[in-house]
Every structure is written in structure tokens, then in C-alpha cells.
2 protein chains.
Amino acid sequence: MSRIIQKYGGSSVANLELIKAVAQRAIETKLAGHEVVVVLSAMKGETDRLLNLAKEITEDPDKRELDCLLSIGEQTNVAIFALVCQAMGEKVKSFLGYQAGIKTDDVHGRARITELNPSRLKTELAKGRICVVAGFQGQNRHGDITTLGRGGSDTTAVALAVALDADVCEIYTDVEGIYTTDPNVCDAARKMDRICYEEMLELSSLGAKVMEIRSVELGMNYGVKIHVRHAHSSATGTIICEEDADMEKTPVRGVTHSVNEARITLLRVPDLPGVAARILSIISKAGVVVDMIIQNQSALPPDETDDGQIQLTDFSFTVPSGDYDTTLDLMKAAGQEIGAAEVVGDNNIAKVSIVGVGMRNHAGVATLMFQTLAREGINLSMISTSEIKISCVIEKKYAELAVRALHEAFKLG
Amino acid sequence: MSRIIQKYGGSSVANLELIKAVAQRAIETKLAGHEVVVVLSAMKGETDRLLNLAKEITEDPDKRELDCLLSIGEQTNVAIFALVCQAMGEKVKSFLGYQAGIKTDDVHGRARITELNPSRLKTELAKGRICVVAGFQGQNRHGDITTLGRGGSDTTAVALAVALDADVCEIYTDVEGIYTTDPNVCDAARKMDRICYEEMLELSSLGAKVMEIRSVELGMNYGVKIHVRHAHSSATGTIICEEDADMEKTPVRGVTHSVNEARITLLRVPDLPGVAARILSIISKAGVVVDMIIQNQSALPPDETDDGQIQLTDFSFTVPSGDYDTTLDLMKAAGQEIGAAEVVGDNNIAKVSIVGVGMRNHAGVATLMFQTLAREGINLSMISTSEIKISCVIEKKYAELAVRALHEAFKLG
């Protein structure tokens, strides 16, 4: 007998008929001899509906009250799921976040789980019941409802897998698994059977959008086997697990792209200690999250110049394109004080990345990437690398072409 | 400074515009120097919508899961109310049943409050905040959500008034107060300024529907001053309070009627100990609530008959008309065993009642009632009395005529 966590996303429980289908699936898993804990998201669109309702009332809704409102979507679904199971003759019990023992910190809207006491779930599993838990929500020390942020139901599922020492955490979604690249962009995209946590983290943060990044981190920290699969298909999906020797044989395992970023460059900034910190503190105060940061080394370090004159450098970074106008205005306002000669921006960019743990011990990966893009006539305006990832910023119109060319060059099809 | 509980019913908070209006009212009360706790029902129709959703899934939904689902209507409204107050610049905090300290027994669907610890509400009131509490819900000892049954928000409000030692519990509704009779039936109906708890209890249980009966009992037991008034009018409504000398001067204070009952009669039942108990236990096992019960004395007590032959009697009772068919079938099935010669029923009846504490020391009230009905040619098929009430069962078609005639005869206009 295994203990299995099954998380169903919003598109898999978007209406009563779909909830019946996933309930059927949970029941079949139980009848096959397993203990089953189901985690549900709200029906697709419901959280946005509630959010818009709040925004209609006030532009900046109180976060505690908003959490009270937003948690309703998952509460509705666990009750409906339980009633559906009951109608199918199955023993079941629903749990809101706090009833499942999920304690969080006080940060409404993006709370972190601080403690998870699954004793009540264990009792009900031992009685032969399916337990269905409302995703996305917990309770802080005051007894108030908190929510875990977008994709928070993934975190609920993985945290329950840890606390209940589950054999597998199944993430049911509307795709077959994790692909080597976006199938909408590249026909040759291929579903992977396995991917390691580190690769998945790079893919999540680069916009693959299948799983929420914090839940992958949590899974990695506790070694939870995560199985991403389609809610309405019996095919095996993609297992997210520890890195193994097979994975390392391949230098690149996936190609991903994002067109939701914009670049801002401060030209000819004095190359002095503290300048980068001043620039970034202005941006972070505005609540804008910076992704890539590039600063080119000056021609000579300042103390090696003849006349002690301060060297100048160019400083570039990328931000979400929704924050482009705000950030550009901030930088133009601060440019003079910082000493930049000019502030320019470009909202017409894309970021293309290749990811793979095998990169660590394969030479020539970067070379092949740059050659491939050059052969297609694509110019690189920024480059950023990590141990298992290389990202390039290019003109937006070349994004899909770049993805297809790289997918082929690294033989991912 | 007074401490005021304001409960707004479903029709008073049926949409965002109406919630804004009642929030404005609560804020004005606070600005006048009072401490304000608001109790909200769900939007009108919402509880029925959720109930129908559950019934669509399964005919007999699990009561624990149903409570989880039904409690959503009030949860939505307190969050919206809090956001509305925030948008109006007012300090406010929302509380679900358990956050307000409302503990109940385990009877899902019609739980009773067993404990109410208002310490968190007191803390927030002391900080100058309006507290808005979700009506109709509490939490049992397992940490599960319970609901208090239809009209449960009234109970929440009065229980909070007791626990917080409030000066008044205002029940806001869509009528101006408590009337001498139903204004839809009788143009001469007059709003009462004051009514005592006992009279209100009789009116509630007889179908006046303005306030839930348990909340009136609770108010009576703890001497809570209850003010029933219109949510969108500043006029004074009706105060429900202790009986006073003025009230006793009038023999009859209200006339009420109900057309939602049906009569069942077991003809020629043996007049033996235990027969009534056997009849009623069959009905109560089916979950049907009996209202009036009438058994006529036999001509002679059994031990005074010549030959020791058992005397026969007729046994009648009324049940909600929705339970009529079920109950009639049950009685027909049990009739032979009980020894009834025949079981007959009538779903075409109405009950008309007069209520007043002054009845206790005014002679001739019953006489005037019977004379008035007789003068209109209305036959009485059952009569039942309490210390402050006389009810008559009549043919349904005469219900409104009877109400108007009695209202005039007792000079209530």
C-alpha cells in the first residue's frame, strides 16, 4: 500500500462534471489499495473573479480580508468533492487549511507554511477515508485565514507529501507533463519521463508555468517524488526527482523562452562601489522584481588610470514588462543623481534559455548555443549563465525561431 | 457610549450596493460614539443556491460537508463588508464564527451555541474598530464548521449581545417592525412600538417569520433588548423586551395565521395508555415535527364501562403541509396495528391565532374569538390554547377573512 497525494489544478476541477471525473480517479486509486489525500484548487477563473470583486470595491484591498474572500474558492471545491464522493458511495472527509493542520506565518497573500501537523488526516486515512484538503490556504497564529500566493495549491500538496511521508505527490494538470520546450512553439517538443529538481526550478522560473517554484524547492529539500501528469488521461507524465547519471549524459534537457520581460540600461554610469546597490534599492522599493543584471567591466580598473579619473560602465537589467514604464520613469528620475549619461529601455525583447544538469561537465554548450543563434541571424543583447542554465536576451520577433533552432541543435526532439 | 449589535438579514445585503448602504449605517452609528458589532447573513438566495448545488449532487448530502459549503455565503459577505468599510476609510475587522469565539455542539445543520468567548472582539472594539461577524456559523469541538439552522444569524446576533453585554441588539430587516397582523392580508395592520418576549415567541412560532424563535428565547433568557427595524429607513421599529403593565391592559396584541399545515386524524382509536406515544414516536422517527395535538376525552373512562370494553377516541394532529403525504402514509400503514378504525387527513386547512399577555387576566377573549368567526360563518375544526394564545384550525379559504375579522373585533387597527 502506498500513500499518495493527488493535487488537481483549477482547469481539472473547473465544473461539476470535471470534479466528478477527478473524484472517480481518486476513488480508483484508493480501490487499488492506496491511501489517498486529494488537494484541490479553486475552479478555474474563480480566484480571479473574487479578486476582481475585491478590486471593484477598493484598489488596494486589505490583505487579511482579501484572504478571507479568496479562500472561498477552494472551500467550495472540497465540499463539492466530498459530496460527489459520498454520492459515489465512498468514505471521504474534507479539510480546510487549518483543519488539515497547516500553520503559516502572518504574510497575507503569500504566506509560508511554518508548521504542518497532519494528525487528523492520519486518523481519517486509517479509517479508510479519502481526505480532501483545500489548497492555497492556511492559518496564522491569530487564527486568521492566510493564502499561499498563486500556485499555492502545489505548495499545499508537496508540504502534505512531506508531512505525511507520502510515496508520491501527483500534480494533475491540463498537460501531459514537462516538455523539452513549449509544444505550441515547436512541433518537435517531446514530453520528458524524468527531470531533476534543479532543472525543473530553472524551467519554472523561466516561465514553463507547469508548477509553482516554491513547491519544487520544497520537494527538492525533502526529496519528494513529484509526478506531473494529465488529469483526464491515464498516461504516465513526468517524474520530478533527484538527479541521476542518465540525466547528466545529456548536456541540455530543455529550451524555454519568455516574452514578458523588458530591458533597461543606464549608459556610462560611474564605476564606483555602491552604484549598483543604489540603482537596485530604488527598484526594490517600488516592489519591482529584477531578473537579469549585467554590468560590463570598465576598460581599466579606476586606480590604474593615469589621472585618477573615474571609469564609466553600462549597467543593464530586466524587469517584468508590466513594470517597464514605472521602472523606466524611476530610473530617468534617478539617473542624474546616480550620474548616468543616459537611460534607455527596450520593451521589445525575449529571453531564450537552455537548461540541463549535464551542462556542468559538457564543454562547448555555450558555443553551440551562440553559433546556432548567429546562424539564424539573431543578435544577443544580454547573456546570463548559471551552473545549469544559459539565457540570452534577443529581439522579441526572433523568440520562436530561436527556440526551434536550439531545440534541434541540441537534439531534443 | 453604548455597545450595539447590528444584524442585517439577507434581503438587506442582497448585493454590493445594499452592503454599501448598511456599512454606511454601521459607520454612522460608530461615529455617533458607539461600539458596533455587525452580524451579516448571506446575500438573499445564496444559501438556497448552495443548498440546491449540494442537492444536485446527492439527495441526502452529508451534513458536515453541507455546513462547510453553506457557511460560504456569510464568509463572502463579511469580507466584502470589511473591504467596503475600508474603502470608506473606516477601521474594521471581519470574523468568521470560530474567530468570533462561537463554539457549538456537534449537530450539523442546526447546531446550538455552547460557548461564546468574545475576547478577540473586545480587543478590536477597544482599538476603535467595527467588528463584522459571519452569522449562522460556529465551530464544534473537532474544529469543524457548523451552521445554526435557518434564521441562525439572529441567534448569532443575540448570543453576541449576551456575551458582549450589549445595550441593544438591532435586527435589521425588510419590514418596519412587528405588526399586529400581516399587512399583506389586512390593511388595518399596525406596527407595534413594543412587544414582550413571550408574545414574540408565539408570533414567531405561528409564522410571523420576522425573527427566528431560538434567538427570541435566548434574548428572553438573558433580558437582551431587541430592536427589529428596517435596514434602509431611520424610523424606529419594534422593541422586544420584558412584559410591562401597558401591554397587559390589552387582551389581544396580535393576530397571525399559517396555511402551511395539514391535519391528520385517527378515528376511533382505543383510549388506552401509550397509544398517543406510539403514534407520535412513529412521526418523530420520520423527522416530522408535530404542531397541534388534540385528543377528545372518551364518553366514559374505560374502568367505568359496564362490560370492561375499551372506549374509543379520535386523535388529531397537525404537521407541516410538506410532510403531509409522508405522514398520512405512515399513519395508514400503522393504523391497523394501533387499532384505528380509519385514518383521514386534510391538507386544506389554515391556523388562525390571537396572541397577547393581557389574555391572562381578561375574561371573554375566547368567546369573542369564537363569536367573531361564527358570525363570518367559519367552522372550527380544532382549537388549541396556551396562557397567552388561542389557535383555531379552519378551512384554508377563510384564513384571510378570519384574520381581518379578528383584527377588527379586538380593535387592533
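This section describes the predicted model of a complex of chains A and B, from overall confidence to individual residues.

The predictor assigns the complex an ipTM of 0.84 and a pTM of 0.85. For chain A, the average pLDDT is 92, and 96% of the residues reach a score of at least 70. Where pLDDT is low, the predicted coordinates should not be read in detail.

The secondary structure of chain A comprises 13 helices and 20 strands. Its radius of gyration is 24 Å, close to the 22 Å that the globule rule gives for 413 residues, so chain A is as compact as a globular protein of that length. The C-alpha trace of chain A extends over about 85 × 50 × 35 Å along its principal axes. Buried positions make up 46% of the 413 residues of chain A. Among the contacts in chain A with a separation of 6 or more, 75% are between residues 24 or more positions apart.

The relation between the two chains was examined by superposition. Chain A is brought onto chain B by a rotation of 179° with 0.1 Å of shift along the axis, at an RMSD of 0.3 Å. The two copies are thus related as by a two-fold rotation axis. Within chain A, the C-alpha nearest this axis belongs to I72(A), at 3.1 Å from it.

The contact between the chains involves 21 residues from chain A and 22 residues from chain B. On the side of chain A that touches chain B, the elements contributing two or more residues are helix 2 (46–57), helix 3 (63–70) and helix 4 (72–87). Of these, helix 4 of chain A gives the most, with 10 residues. Classified by residue type, this side of chain A has 12 nonpolar, 7 polar and 2 charged residues. Of the interface residues of chain A, 100% are also interface residues in chain B, so the copies meet through the same surface.

Strand pairing was followed around strand 11 of chain B. Strand 9 (residues 168–173) and strand 11 (residues 226–230) of chain B pair in the parallel sense, with 5 bridges between them. In this pairing, T173(B) has H230(B) of strand 11 as its bridge partner. Strand 11 of chain B is also joined to strand 12 (residues 238–241) of chain B, here by 3 bridges and in the antiparallel sense. The bridge partner of V228(B) in strand 12 of chain B is T238(B).

The corresponding element of chain A was considered through V228(A), which is found in strand 11 (residues 226–230) of that chain. V228(A) has 25 other C-beta atoms within 10 Å and is therefore buried, the threshold for this class being 20 or more. Beyond residues up to four places away in sequence, V228(A) touches I171(A), T173(A), G177(A), I178(A), V210(A), M211(A), G237(A), T238(A) and I240(A). The C-alpha atoms of V228(A) and R194(A) are 9.9 Å apart, although 34 residues separate them along the chain.

In chain B, K191(B) occupies the loop between strand 9 and strand 10 (194–196). K191(B) has 16 C-beta neighbours inside 10 Å and so counts as partly exposed. Leaving aside neighbours within four places in sequence, K191(B) is in contact with E176(B), G177(B), Y179(B) and T238(B). A distance of 9.4 Å separates the C-alpha atoms of K191(B) and G413(B), which lie 222 residues apart along the chain.

Backbone geometry was also considered. Most residues other than glycine have a negative phi. In chain A, D165(A) has a positive phi, near 50°, and is not a glycine. D165(A) is located in the loop between helix 6 (152–163) and strand 9 (168–173) of chain A. With 10 other C-beta atoms within 10 Å, D165(A) is exposed, since exposure requires 12 or fewer. K411(A), likewise not a glycine, has a positive phi of about 55°. K411(A) lies in the segment after helix 13 (399–409) of chain A, and its 11 C-beta neighbours inside 10 Å place K411(A) among the exposed residues.

Key. Residues are numbered from 1 along each chain as its sequence is written. Chains are lettered from A and ligands numbered from 1 in the order in which they are written. This is a predicted model: local features need pLDDT of at least 70, side-chain atom pairs count only at pLDDT 80 or more; totals for chains, interfaces and linings use all residues. pLDDT is the predictor's confidence in each residue, from 0 to 100. Two residues are in contact if their C-beta atoms, placed from the backbone, lie within 7 Å. Helices (H or I, at least four residues) and strands (E, at least two) are DSSP runs, numbered from the N terminus. Ala, Val, Leu, Ile, Met, Phe, Trp, Tyr, Cys and Pro count as nonpolar, Asp, Glu, Lys and Arg as charged, and the others, Gly among them, as polar. The radius of gyration is taken over C-alpha atoms; the globule rule is 2.2 Å times the number of residues to the power 0.38. Copies are superposed by least squares on the C-alpha atoms of residues with pLDDT of at least 70 in both. Two strands pair if DSSP finds at least two bridges between them.
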